[in-house]
Amino acid sequence: MVHEFPPYRGHEKAHEPGGHGHHEDIGFGRKYIFSTDHKIIGIQYGFTALCFMLFGFFLMLLMRWQIAHPGSPVPVMGPLLAKVLGQPAANGVISPELYNSFGAMHGTIMVFLAIVPLAFAAFGNYVVPLMIGAPDMAFPRVNMASYQAYVLGGLVMLVSFFIPGGAAQAGWTSYSPLATSIPTEGQLFWIIGMVLLITSSLLGAVNFIATIIQLRAPGMTWMRLPFFVWAQFVTAFLLLLAFPPLEAAAVMQLMDNALHTSFFLPTGLAVGGQLAHISGGGSPLLWQHLFWFLGHPEVYVLILPGMGIVCEIIANNTRKPIWGYKSLVYSVLAIGFLSFIVWAHHMYLTGMGTKISAFFQATTMIISIPSVIILTCLFISLWGGSIRFNTPMLFALAFLPMFGIGGLTGLPLGFNASDVYLHDTYYVIAHFHYVVAPGTIFALFAGIYYWFPKMTGRKMNEFWGRVHFWGSLVFMNLVFMPMFAQGIKGMLRRMADGGANYSAARVPDAIGALPGTIMELHSWILWAAMALGIAQIPFILNLFWSMNHGEKVGDNPWHATTLEWQAPTPPPHGNFAEPPQIHRGPYEYSVPGHAADFTPQNEPDQPGTPALSPAH
Amino acid sequence: MSELKTAEPAHAPFAGEPGAHEHPVDFNSYLRRCVYVFVAVVCAVSLMLVASYLPHFGWPAKVAMILAIAATNAFVVAGFLMHLISEKKMIYTLLAFTVFFFTGLMGLTVWAMQDFPAGTTH
Amino acid sequence: MEIPYAVHPRPDTGIYNAKVGIWLFLASEVMLFGALFSAYVLLRVGAPAGEWPHGWLNVTLGTINTLVLATSAITTLMAWVACKTRQFGKFKFFHACTLLLALTFLCVKAYEYHDKWIHYEIHLTDGRIADGHLRASDADSVTIEGRYVTDETQLYDLRAQKDIKTGEIKIPRAQIKQMENYGPWHNTYLALYFTLTGLHALHILGGSIVIGYLWGPGRKLWKTDPEHFTNRVEVSGLFWHFVDLVWIFLFPVLYLT
């Protein structure tokens, strides 16, 4: 059975491996909706995740409006919000409860419904089996189940906006006792959605690890794997071992919400001025520990696939091997390992003692070392390269300083002493958005432009790609850079009025009142955010237009060495006609004495050519 | 040399047949092994019951004793019934990491809740 | 298109795919139950002295359940051995035993849950507390089989109290200030008990469904690819043994300490 997606006119159906001989059509449903083919599933994940990312972006725009113009009706969208959501958006004004639910859902959607599915599941599913020379993932039906669980979880999250009381309001972190005290069902929907999403991730993680261990083609040793595969391997382990404690905590919070247990509710809790009718004896800190036990590895889940993508694109567009492959591999393994024992740096203000704080501070500082090593290796890889500045490379290059800013600004947050001041301020928001937004998302854009020709046989338009790049780069920085200043000046997170209550205009005599300059930045950030949104329009149009009208290219338009480019375009069901034989490492570019400036991993050794880098 | 089988044989080699991938599996020796494990489990359960009713120990000591017996019981079940004793290195590596992270979760969380600044109430 | 190493092991790792998959899944389950156990440790250590229940669960029933699960672990392994030695009749027998033992476990558990469900703690208007199992209830009174205590702390450590006498107590509803049964909302010990054993029971149910499928409709695969079928039996057996392992820790932690 041969799958084609999208229908690629003029391309010969690839020879079907195994010689089963039957070519019956399995129907549209089995082929595109209930597919077990990793490439279809990857694309399903990709499109779904991009839709969620767009939705999360709109939520952010609504929030930024409220911050810049608290209490004003939202232009254009206001009447629609009032009609759809009713009382919380009465007269088109975003009420504080609605703002809180937008905030909670923006975070949840961006992290769990957009970035992780796109970076890990979409790119991973499509590319990893091809890169290791496998016919598919180890467990194709489990793969389909994991996508379906993801969609279900996303639907539950979306539906929660429309129930009475609206969506969850207690932040993406859902801290107890607030998460249990809010008298609406939104938190319940959030928990159920999370359980579904965690199930999806766990199934995916099992699949990825088993595939990478078991289905590498002959000759594909561990140290010949492209760095992207290593990054996905470590990411899968983080998901596998860090998500279950959050699942356990979610079950316990579900019990608190639905069955009135007191896992996280302390004795003597008062809600609305009245003693809560609960058994007490619970611990709010317990929720925080279990949440952040996942929460910290989660941020490495957000960044590692992006680093992998950037590495592939840099190697390809400098036409030379990556500098420090072994350092990259050991660093990513170290990051994976250390990420499990740094989590309480999110909890410095919970009253922990000096010894335990010092422990977490030490491990947090240590984990910055392998991150810097990875970034350094990527930077050094540029030295002496013949750099091709195509759109994927532009995004990959921009990733480096953007992630640098994001990472370095994390250091004052990792130190206990400085974090006491910066915790829960806009500085934190600026830090993590720099890492994820101009960081990971740029890497994901790079990946989309880079692998688009393998999926469709056409390149995306280069001019509009550059327009997308420059617009995104400039406006991302204009949105997030001012937030560092706002945070240092004391502006706190999650304030529905944008800090107006604490501004110098409202309380001129207060020490540390937010100055007018800081408050004015809100308008600039709003304009920059809208411009950032407009800058994405060329990308969206380019993506759809190029599928059928982009420049047609062959199987390996970027002249890349990794295995996915040696497969037909788009790869048929089963990927390779014969299992590829691997003869060399992943980045054999510009090898002296070779005719071409790249040598694919599966190209047979020619007698008489100079010895390549030693087989590992 | 790795092998990729694209066509499975009509039946896999039986235990004892030439070509079996692992050492042949003997039904009776497994049955015997199972009886030993069951006896071990019964002993462990009895010991735990006795330990929990011992009069002269405080709860911390009793809990430690009971957990130690449970851990031994678990080792016997995992080692023999799950074949963990003869498993491959990769599985051991995976489980070693899991145990480390599990210990971190338990230990660091308990430490965090027990270590608080001097002179504060909690 | 065949996925390689689905049935026969890959030479360098020595394992077939599903076995890697199930051990990975079991590692994640270790973290899941581990988090719940860590919650137990934290909440118990953090509880005020003398306010943690002891002896609230029936040790006899718990011991029976422990032996039931241990036996089912044995039958699960023997079912796999039967497959490996191509004795399908013995496979059917052993896994039928496994399923019956699982059913027994769940029935005992259901009885224990029911026992807690009908166990009430009733605070009376005159300050006394009545504690016992509900026998009858109507519009104006409630009848329990239990006892009176003056202070709630007397209800915690049942192990330390010898010869608790219970009798039939009829309480007019007018005298009842507050009435709550021993559900998960009653205190953190019960919350943990119900959550831990409930999640465990769900795993028993899930495992039974998988084993039941292999024993029933899934046995078709035996005819076409017995080695593949044997691997499925092995992999589901590993899950079953893990669920037994969790109980090996749950039983002492909840029933004996």
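How many residues does the contact take from chain B and from chain C? In this predicted model, in which local features need pLDDT of at least 70, side-chain atom pairs count only at pLDDT 80 or more, and totals for chains, interfaces and linings use all residues, the contact takes 47 residues from chain B and 46 residues from chain C, two residues being in contact if their C-beta atoms, placed from the backbone, lie within 7 Å. Residues are numbered from 1 along each chain as its sequence is written, while chains are lettered from A and ligands numbered from 1 in the order in which they are written.

On the side of chain B that touches chain C, α1 (27–53), α2 (59–81) and α3 (89–114) of chain B each supply at least two residues, and α3(B) gives the most, with 12 residues. Helices (H or I, at least four residues) and strands (E, at least two) are DSSP runs, numbered from the N terminus. The residues of this side of chain B divide into 34 nonpolar, 8 polar and 5 charged, where Ala, Val, Leu, Ile, Met, Phe, Trp, Tyr, Cys and Pro count as nonpolar, Asp, Glu, Lys and Arg as charged, and the others, Gly among them, as polar.

Chain B itself holds 3 helices and 0 strands, following the pattern α-α-α along the sequence. Of its 122 residues, 23% are buried, that is, with 20 or more other C-beta atoms within 10 Å of their own C-beta atom, against 12 or fewer for exposed residues and values in between for partly exposed ones, with C-beta atoms placed from the backbone. Among contacts in chain B between residues at least 6 apart in sequence, 33% join residues at least 24 apart.

In chain C, 5 strands form an open sheet in the order β4-β3-β2-β1-β5, with antiparallel pairing; strands pair if DSSP finds at least two bridges between them. Because β4 (167–172) and β5 (176–181) of chain C stand at the edges, each with a single partner strand, one side of each is left without a neighbour in the sheet. Strand β1 (residues 119–124) of chain C pairs with β5(C) in the antiparallel sense over 5 bridges, and His123(C) stands opposite Gln178(C) in β5(C).

In chain A, the 20 residues of helix α5 (residues 140–159) should span 28 Å at 1.5 Å a residue, which agrees with the 29 Å between its end C-alpha atoms; the expected span is 1.5 Å times one less than the number of residues. Buried residues of α5(A) include Asn143(A), Tyr147(A), Tyr150(A) and Met157(A), and the cover over the buried residues of this helix includes α2 (38–68), α4 (96–132) and α7 (186–214) of chain A.
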